Amino acid sequence: MDATLNGTNGVHASGVDAAAKEALRTNPGVGYNKVAPPNSTGVKVVIVGAGFAGLTCAIECKRKGHEVLLLEKFKELKILGELHKFSRLLYIICDVISFGSNAGKIFARWGLHDEIWPLCTHHSELHLYNSKGELLTTQQLPNVLYGSYSYNGHRGELHECLFNYAKSVGAEIRLGQDVSEYWENEETGEAGVISNGESIAADVVVGADGVRSKARTLVLGYEDKPKSSGYAIYRAWFNTREQGVDKDPLTDFMCKNGDAFFGWIGPDVHFLASSSKDGRAMSWVITHKDEADIEESWSLPGKMEDVLAVVDGWDPRCAAILSKAPSCVDWKLVYRDPLPTWISKGARLALIGDSAHPFLPTSIQGASQAMEDGVTLATALQIGGKQDVPLSVRVWEKIRYQRVRRAQVMGETTRDMWHKAKPSDKGAAVELPRPEWLLGFDAEKDVYDVYETTAKEIKEKGYELPTLP
């Protein structure tokens with residue numbers, strides 16, 4: 001089935017297509033920041049899941065000269081704007097998503113900055129308060145950090161941009177695909193899937209099918225059960241003018257001077273609100289304790305009376321902002337212990353993104369690390385070539401595992417910093433961490449720098465399960 005996309009929301013497919021062609025024209029070849037000839041490596045990659053991880057992997061695999069097939073279960077991809085629709089459509093949660101400057105390096109190489117930047121919020125500082133409305137810090141958040149832009153925008157619009165870009169670089173995308181089984185055959189040197197009853201073989205299969213990944217069972221040899229995180233998130237996205245944000249003296253500060261970013265923290269709660277598109281659009285997220293017993297992270301319609309109860313007695317601006325949303329999503333969070341490995345026994349199946357390592361929202365790195373996964377894997381497969389696919393997959397895991405875990409732990413630390421802050425905590429004690437090791441990292445360059453030494457170590461010592469940092 002051909003890829004189908006309804007709605008544009010300001011994402012111009014023609015501009016994305018032009019960016020893809022310009023990248024190919026100006027940087028042909030093999031190596032760092034180069035675009036290899038189509039299907040030049042002979043490596044066939046099947047990717048399951050068209051989220052940010054799967055799309056990034058598909059794009060970079062095409063740029064690295066691999067043959068790519070991307071399978072997505074939903075029959076139709078709709079960018080739902082401000083509607084909340086729970087159906088058999090690919091549901092794009094209507095809120096903000098963040099990409100750090102480490103992911104910004106990837107967007108820049110793809111030539112997508114001019115397409116993405118107009119979709120993003122352009123605030124440059126975070127004003128953080130306690131629940132009483134006392135200012136704790138005004139943290140500077142420069143748009144360019146460690147040489148690259150960061151991007152914060154509407155999840156659906158940015159997803160649409162990557163979806164269009166994947167098509168523009170030539171990735172084959174099939175929607176309406178029910179992947180019922182993953183398999184691996186070490187004797188024939190293949191892995192594959194059963195999708196809509198058809199067996200599809202490849203050199204490597206990438207499970208980018210999210211937190212409910214079916215691929216995870218083949219990798220682990222058992223079904224991985226999540227744990228309750230004890231937290232949930234209410235989230236919303238809406239038009240400030242339509243909802244009267246600009247007319248209420250308790251909320252007009254969010255939009256009267258362009259884009260803004262404000263937050264409030266209290267015991268086991270943090271609330272973040274931001275505006276974008278010169279103050280015309282607004283999103284908020286509020287993380288709170290929730291002991292609901294669910295098997296997986298799940299989104300369902302939220303009740304505004306429950307949302308407002310979380311900030312009862314807080315700075316009145318909080319309830320004013322929250323109540324402006326016409327509706328919201330209640331996102332229940334579960335937690336998984338770090339997986340012992342992300343790759344199958346024969347190293348021809350790899351888990352990336354949320355399939356391998358779901359992040360807490362306070363990390364502000366889930367999407368960025370998913371992109372790094374895809375770029376790193378595509379690059380490793382190019383360096384190793386068709387004859388060394390299992391080695392390249394093992395190199396990929398060794399490069400990525402400890403770095404990802406460090407980023408995950410930082411998200412947990414940030415949540416605890418805000419939720420357990422003492423009344424005296426101000427300034428740097430409550431500011432978002434922005435370390436260079438994380439945000440200044442160039443995933444593609446790193447693979448070219450360390451592949452040979454990592455591969456040599458695996459050849460000499462044998463493959464070992466990764467260890468936690």
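Which residues of H2 are buried? Before that selection is made, note that this is a predicted model, in which local features need pLDDT of at least 70 and side-chain atom pairs count only at pLDDT 80 or more, while totals for chains, interfaces and linings use all residues. Residues are numbered from 1 along each chain as its sequence is written, and side-chain values use heavy atoms, with hydrogens and water left out.

**Whole chain.** Display all C-alpha atoms: they fill a box of roughly 65 × 45 × 45 Å along the principal axes. The secondary structure comprises 12 helices and 22 strands (DSSP runs numbered from the N terminus: H or I of at least four residues for helices, E of at least two for strands). Of the 469 residues, 59% count as buried (under 20% relative accessible area, 1.4 Å probe, protein chains only).

**Helix H2.** The buried residues are Phe 52, Ala 53, Gly 54, Leu 55, Thr 56, Cys 57, Ala 58, Ile 59, Glu 60, Cys 61, Lys 62 and Arg 63, that is, 12 of 12. Next, select Gly 65, which follows H2 and has a positive phi, near 90 degrees.

**Sheet E12-E13-E14.** Proceed to the open sheet of 3 strands, ordered E12-E13-E14 with antiparallel pairing (at least two DSSP bridges between two strands). Its edge strands, E12 (179–185) and E14 (198–202), each pair on one side only. Select E13 (residues 190–195), which pairs with E12 over 6 bridges in the antiparallel sense. Finally, select Trp 183, which stands opposite Gly 192 in E13.

Conventions
Buried means under 20% relative accessible area, exposed over 50%, partly exposed in between (1.4 Å probe, protein chains only).
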